[in-house]
Amino acid sequence: MDILQYGAFGTLPAWLITSITTVVILAPTFGGARLWLIAALWFATAWTFGTPWWLMAIVFTPMTVLLVPPLRRALLSDRILSIFHKSGFMPAISDTEREAIAAGTVWLDGELFSGQPSLKKLISADYPDITADERAFLDGPVTTVCEMTNDWQVHQDRDLPTQVWDYLKQERFFGLAIGKDFGGLGMSASANSAVVQKLASHSLPLAITVMVPNSLGPAELLSHYGTDEQKQRWLPALADGSQVPCFALTEPGAGSDAGAISATGTVFRSESGELMLRLSWNKRYITLAAIANVLGLAFQLHDPENLLGKGPAPGITCALIPTDTAGVVLGRRHDPLGVPFFNCPTTGRNVIVPLEDAIIGGSGGAGRGWLMLMECLAAGRGISLPATACGGAQMTARTVGAYASVRQQFGLPIGKFEGIEEPLARIAGSTYVLEAARRFVNGALDKGHKPAVVTAIVKYNTTELWRQIINDGMDILGGAAISRGPRNLLANAYIGTPICITVEGANILTRTLMVFGQGAIRCHPYAFRELDAIGRNDGIAFDRAFWPHVGHVVKNGVRTVLLGATRGWLTAAPGSSATKRYWRKLNWASAEFALLADLAMGALGGNLKRKEKLTGRYADWFSQMFLASAVLRRFEAEGCKQEDTPLMQWALENAFDQVQKARAGIYQNLRLPVFGGAFRVLGGLMARLNPMGSAPSDKIGHQAARTLLRPGEQRDRITGNLHVPKDKTSALGRLEHAMQLCSEAEPVMKKLKDAIKAARLPKARPAQLLDQALESGIITAAEHELMHAAEVARTEAIAVDSFTLQEYLNGTQAVEQPAESEPQAS
């Protein structure tokens, strides 16, 4: 053993001195301490152990340069900035991109992107419920309009019934988000979401009809940016439904690239001296356009005479156009997969309107349209479509759970077969995730946050989970799912799912460009400031961002190594004992994600946004960390219910399994200069030998699936914002009634099976032996009656629709037929 003489401590082993020095350096770095503190600690340690002066000089000379800003800028920062500025390595940001990136706010996504998330912030984030008045609206008018709407008939008639349209207007469904001062309901984001969720659980056309006027469109734009005159003119009429709005953004040449819109508006002065607009457009996929009274329009504003003083091309602008204005063309419809909601093209040719009345915000709103749209989408994207996905998921979970408990094959409910149990577990666990994410994000929106990256994460992931859930539901119900008719609860939802995938940013775009492409700049603590400084060639601003960024990378490198080596055990994990290990994993995942994100940005620069397969993997990792945070918050907020532990575990095991897949893909495909081969081999080996997660175990899956197969409080809570009709002859009502009776009859069924095993009854289906069992005293008269009722209900619940040939050819409503066969019991 080497023995060294060090200062006041006398003779100490070399390994001990090395260990102490390593801890002194790594501990503050792991915790994110400032460089001056790390330098001070190192100096104190070096002095204490009598480090030679020449060694201290070697270390402290570069540290001094880094710690003194004028020296640092003169010797390093200005040279680095010059290289970045001239090389074009870092991506240039256009004005449109800058507005999109800057729109909204950074919320807990910034914590997850930092590599050192505040777990206390995550576990204590707002998780609000709706108010008593909002609950009354949900239990009253929302339930009523669901009862008024027959989804099968809506699809047959290709529209909502007139009385439903009238009721929606009467109860101000189109004014959910309009303030009470203007006649609206002034609902919170949580309540708006809950309304859409419940409607979507019953009828997608009904939900879309309500959500669109309350999402991105005239009402929201006016509420935030309109003049007082515009608000007084339009908002009361929009709230009571006397004016039906639409918003025209998408064009044949401008879909995902909405900034490429070609609709134009030219400013000119009329003979009376009033400023006017001459508009032309060709838009498509515009919901409600064919029946709208007022059309919101996004267009490129041109001002050739600079009458507004903003130059000849102020940019994208938003305006309101009464649809009875000369030149506005409406009246045609698209047919989105046969789902009967109004989705339409619209054109305008030489449409002339007063500028101050038309442009949202008057002349002051000229050229601010893109900012308005991005800020509104930053919040709105987190409400309507996630709510629709949650409503559809809860409907599917309840339907499939009931069906799997009453449908029998080989003498057993099909839900007891492991082949069915596997997709049932996915449905149960994913439904738990969806509601957690919905509540989590709406809590932020209710507090005034507009987290653009978070809402993109939630829009993409909730609709993708919904697609998986409905596919699993279709598989489990089999023939009952593909036979359309009034009894079928899944087919219309299955057909309409791609609509949710496509709108408000197609999911491919959202995943590859928005979640990580925008998130890497918006959520990163330094990247946007660096890019802005490079673009402006601002040396001071660059210096203030670049060196903290370097320290950020070093810190996350240390955190990645130490947290990975201990599998997160260096984390001070909050929460209950059931969740601590997942908080540790989350901390570890965040550190390694942040490090690898910086490596990708540093290695690829502006080319990163073109590596969409790679950015998609980063987006998956980032998304799953956020969803895991939402699940952990939900479990804690709801009191760490023991019976919900399998759902929480399934959701989190699945999340970290998805993180692991993304992680392995990044190590395999991220090409780094010089060290690329070593990075792929060593990183890939590390990812395989020390995985962050694996798929949920069969045991957890079994427990998760059971939650949907038993009637009771837990199942009601998992599907708590679903419209469950009281009518036992409705499609869902039949299943619910049969499930309840079959559950109550299980003890009787066990008696019959035990009697068959004991040879007291012959071998046959228990339902066929009811009379003999009664005569033999094996069951009572009440049990006989219960079993008979359960078998009748079971047969009726699993029946499917059929049509006469003429009914099918005419597309008329199916006539309810009795079940295909009656139970063979008296």
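**Labels and their cut-offs**

Guide: R135 and D129 form a salt bridge, their closest N and O atoms being 3.8 Å apart. The model is a predicted one, in which local features need pLDDT of at least 70 and side-chain atom pairs count only at pLDDT 80 or more, while totals for chains, interfaces and linings use all residues. Residues are numbered from 1 along each chain as its sequence is written, and side-chain values use heavy atoms, with hydrogens and water left out.

Visitor: Why is the contact of R135 with D129 called a salt bridge?

Guide: The term requires a side-chain nitrogen of Lys or Arg within 4 Å of a carboxyl oxygen of Asp or Glu. The N and O atoms of R135 and D129 are 3.8 Å apart, and the pair therefore qualifies. The structure holds 28 salt bridges.

Visitor: What makes R135 partly exposed and D129 exposed?

Guide: Buried means under 20% relative accessible area, exposed over 50%, and partly exposed in between (1.4 Å probe, protein chains only). R135 has 32% and is therefore partly exposed, whereas D129 has 53% and is therefore exposed.

Visitor: How do you know that E421 and R706 link distant parts of the chain?

Guide: The side chains of E421 and R706 meet in a salt bridge of 3.5 Å, N to O. E421 is in helix α18 (residues 418-446) and R706 in helix α29 (residues 698-706), 285 residues apart. Helices here are DSSP runs of H or I with at least four residues, numbered from the N terminus. E421 is buried because its relative accessibility is 9%, and R706 is buried because its value is 17%.

Visitor: What makes the pair of E796 and R487 a tie between separate parts?

Guide: The closest N and O atoms of E796 and R487 are 2.7 Å apart, in a salt bridge. E796 lies in helix α34 (residues 781-797) and R487 in the loop between α20 (479-482) and α21 (491-502), so the pair ties together parts that are 309 residues apart in sequence. E796, at 25%, is partly exposed, while R487, at 10%, is buried.

Visitor: Why is P486 called buried?

Guide: P486 has a relative accessible area of 19%, and therefore counts as buried. P486 is found in the loop between α20 and α21.

Visitor: Why are α8 and α11 called roughly parallel?

Guide: Helix α8 (residues 132-148) and helix α11 (residues 189-200) pack at an angle of about 25 degrees, with their axes 10 Å apart. Axes are lines fitted to C-alpha atoms, for helices over the stretch in contact, and angles run from 0 to 180 degrees between N-to-C directions. Angles under 35 degrees count as roughly parallel, and α8 and α11 are therefore roughly parallel to each other.

Visitor: What makes the residues around L75 a nonpolar surface patch?

Guide: Patches are made of residues with over 30% relative accessible area and no salt bridge; nonpolar side chains (Val, Leu, Ile, Met, Phe, Trp, Tyr) are joined within 5 Å, and like charges within 9 Å. L35, W36, L37, L41, L67, V68, L71 and L75 make such a patch of about 640 Å². The elements that give two or more residues are α2 (35-48) and α4 (69-87), and α2 gives the most, with four. L75 is found in α4 and, at 44%, counts as partly exposed.

Conventions
Accessible areas come from the Shrake-Rupley method with a 1.4 Å probe; for residues, only the protein chains shown count as cover. Angles under 35 degrees count as roughly parallel, over 145 as roughly antiparallel, 65 to 115 as roughly perpendicular and the rest as oblique.
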